[in-house]
Amino acid sequence: MEFNVLQHFKGLAELGRDLGTDPFDGDQVGTSLFMTGGMGPQISKKMDESAKKAGLSRRNFIRSSLGFSAAMLAANEVTGMKFFEVNSAQAEDFDAKKEAIQVARAGSGDFIVDVHTHVCTRPGHYQLGVNTTERGMWFVQLLDDLGKAFGLPNGTRDMNVENYGKLILQESDTTVGVFNPFGFREDYGGQDMIPMEYQVGVREKWPKSTLMLAGGLTPNQGLSVTLDRLAMYVEKYKISGLKLYTFDSTKKKGWWFDDEKLAYPIWEACRKHGIKNVGCHKGIPFGQFYARYAHAEDFDAAADDFLDLNFIAYHSAWPYHAELAALKGFKPQRKNLYCEVGSTFAATVTSRPLECAHVLGTLLRDLGPDYVLWGTDSLLWGNPQWQIEAFRNFQIPDQLVEGHGYPKITPEIRRKVFGENAARIWNIDKKAAMTAKAEILANKTSYA
Ligand SMILES: [Zn+2]
């Protein structure tokens, strides 16, 4: 079981074995994705030419930081559009590359809040027929395959607390990680797929660099149980918000944010508990779940009726992002509707950059640059650094700006998306977070 849109990750695993890709090296991961994505064969050919120009063997070139610039350059050439702001010097010369990294960093800022991250295992893990149903296993298998493709030898087992710190906080430029659990306990032996009591280990280890959201609240399991759990999460775990799923594993299959009987009592309780930010998985209708609940139409009434809460559409509801964008595009007075780009950006940028530009363009044009949040869905996608570098260099080509009214991605927009918007809605102390980040880098451990 797999996403068709993710099929090329099979090739990624193969290339990784060939090259000995280091999953902790963001450049290598990014380059490999370009070489195995939708434009893979054409990009690979151009990589050979670039390696010659740089005077390196193919293998050494692909494994070097130059390789990632060369791959972005190749994507521009293959498509005939300028999606990436790179030039040929950055693909041939290490000094030029270093300088380009500094320039891109200066332009986008080095304060990065990844509002969409996960660990993805639990004590006892997932065993078919023992603590996991067949349907539950679809999702585990999907994430296992992704992790292995990215070079984590044990798939989801490697998406643990320890590697969260290594991959997201040490090896990427991420300053603050916001993480959330998965519920669906009907499919996982009566226990949440990722239980709160396991994932809280992330915040215990990195309290100044992470924020924890609660999840697994499913009103179809009973509203009073749901409200009790919410109160417990607030009191015991001091949560920073919610990330929920409107599809679920109960017999009813799903619920809606605008359900006045099932959902509104949750939002009222959020008000009472001082919870401001409520996210929901929208779009990417994966595995065992029904696509209808991945649409964002239920945000419309909920956002109007709870103006003091922020509603965040995770994954930006892709491929239904236009429906989400219309909720603000035609109601510009709205100030509490947000989107987050995790997995959506990752799945499109190296393989379908034109689609990526349309998605980002639509969100930035209609929701607005103050309402788009950075997220990577790591550890599902390994080290998020390649996504950070790709976004630092990504641009909406002029043709789309003129033809669709999308904005150009300015340094100001990059800074807002990368961190300022999240800092505003989560009240993140930027200075303290930057200090904590510097401490993590200073104490960096070796684990290669
Ligand atoms: Zn996620």
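Predicted model: local features only at pLDDT ≥ 70, side-chain atom pairs only at ≥ 80, totals over all residues.
Reader: Let's start with α3. How many residues does it have, and how far does it reach?
Author: Helix α3 covers residues 40–54, which is 15 residues. From its first C-alpha to its last it reaches 20 Å, close to the 21 Å expected at 1.5 Å a residue.

Reader: Which residues in α3 are buried?
Author: The buried ones are G40, I43, K46, M47, S50 and A51. Seen down the axis of α3, they fall within an arc of 155°, so they line one face of the helix.

Reader: And what does the face turned away from the buried side carry?
Author: That face of α3 carries the exposed residues P41, K45, D48 and E49.

Reader: What follows α3?
Author: G55 does, and its phi is positive, near 70°.

Reader: OK, now α13 and α15. At what angle do they pack?
Author: At about 15°, with their axes 8 Å apart. That makes α13 roughly parallel to α15, as angles under 35 degrees count as roughly parallel.

Reader: Which residues make the contact?
Author: From α13 (residues 321–329), the contact uses H321, A322, A325, A326, K328 and G329. From α15 (residues 353–366), V359, T362, L363 and D366 take part.

Reader: Is the crossing left-handed or right-handed?
Author: The crossing of α13 and α15 is left-handed.

Definitions and conventions. Residues numbered from 1 in each chain as written. Helix = DSSP H or I, 4+ residues; strand = E, 2+ residues; numbered from the N terminus. Expected span 1.5 Å × (residues − 1). Buried ≥ 20, exposed ≤ 12 C-beta atoms within 10 Å, placed from the backbone. Arc of directions from axis to C-beta. Axes fitted to C-alpha atoms, helices over the stretch in contact; angles between N-to-C directions. Parallel < 35°, antiparallel > 145°, perpendicular 65-115°, else oblique. Left-handed = near helix turned anticlockwise from the far one by under 90°. Contact = placed C-beta atoms within 7 Å.
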